[in-house]
Amino acid sequence: MLDLVTRRGFITLSDLAEAVQVSESTLRRDLDHWDHKGLIKRIHGGAMFVGEGAMLPALEDRTSSQIAEKRLIARAAAARIRDGDAILLDGGTTTLEVARWLVGRAVQIVTNSLPIANLFASSHETDLVMLGGYVYPKTGVALGPLTVRMMEDIHVHQTIMSVGGITTKGLFNSNLLLVETERAMMRCADEVVVVADHTKIGRQALAFLCELSAVDMLIVDRDVTPEQAAIIDHAEVRVLLAGLTGDGQAEEGFHA
């Protein structure tokens, strides 16, 4: 049972009962036991894995790291957004910075992040759609089947996501349930944009999201090393280097 919950990230009670061939009442007792141990989280209709290595770092623990780089990346990402665009913003510290650049603009924001939604909740200029679902502890991000289901009828111009790591294998994040939600976000968009500071390149996290070529643009800061550039240079993805050049603009590619 634990193996199934761990591998899938989330599983419904009925699917779990069918897989292990025991009654749902027996499963409920077992799930309550492992929930008490802290290895899974019992949520309505099933269970999700939150064991060691699967927990998302708390938002407040990540906000202060590489803050200058994140703000430059966010500025570059926001500059590509036109008034009237519909934008889906994933939860995360870098996407939160993107959201701050969009406050007061005439755009439509779709998000699963409570901190991001809070920025636009009282805005008269911005339309806000909040994705519901299980809200992950400490991060304020909605994840799981309910969140995915809400996105079935949503279409946006851009999905802007953050990631936990980028390697030659592709993009990674720190939670199995999070990557399933992010894959649904990718399917909603005309263009998928990943915002990540240079420290994420060469780092691998727990859960594989997708190959780098599956996204349309990667926006990073200018502190990318030659070794880090080599990791993503072979992938079929546009790279935007965020940071001030002589004319104050971001530039594409690693030639700069």
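Predicted model: local features only at pLDDT ≥ 70, side-chain atom pairs only at ≥ 80, totals over all residues.
Author: Residues are numbered from 1 along each chain as its sequence is written, and side-chain values use heavy atoms, with hydrogens and water left out.

Reader: Why are H5 and H6 called oblique to each other?

Author: Helices (H or I, at least four residues) and strands (E, at least two) are DSSP runs, numbered from the N terminus. The axes of helix H5 (residues 67-79) and helix H6 (residues 93-102) cross at roughly 50° and come within 8 Å, where axes are lines fitted to C-alpha atoms, for helices over the stretch in contact, and angles run from 0 to 180 degrees between N-to-C directions. Angles under 35 degrees count as roughly parallel, over 145 as roughly antiparallel, 65 to 115 as roughly perpendicular and the rest as oblique, so H5 and H6 are oblique.

Reader: What makes H2 and H3 roughly perpendicular to each other?

Author: For helix H2 (residues 13-20) and helix H3 (residues 24-37), the axes cross at roughly 105° and come within 10 Å; that angle is therefore one that counts as roughly perpendicular. Leu 13, Ser 14, Leu 16, Ala 17 and Val 20 of H2 meet Glu 24, Leu 27, Arg 28 and Leu 31 of H3, contact meaning heavy atoms within 4.5 Å.

Reader: How do you know that His 198 counts as buried?

Author: Buried means under 20% relative accessible area, exposed over 50%, and partly exposed in between (1.4 Å probe, protein chains only); His 198 has 16% relative accessibility and therefore counts as buried. His 198 lies in the loop between strand S12 (189-195) and S13, and, leaving aside neighbours within four places in sequence, His 198 is in contact with Glu 69, Asp 221, Asp 223, Val 224 and Gln 228.

Reader: What makes S10 and S13 edge strands?

Author: The open sheet of three strands has the order S10-S11-S13, with antiparallel pairing, and strand S10 (165-167) and strand S13 (207-210) each pair on one side only. Two strands pair if DSSP finds at least two bridges between them, and three bridges join S10 to strand S11 (residues 170-173), with Ile 166 standing opposite Leu 171 in S11. Helix H9 (residues 176-187) lies across S11 and S13, running at about 5° to S13.
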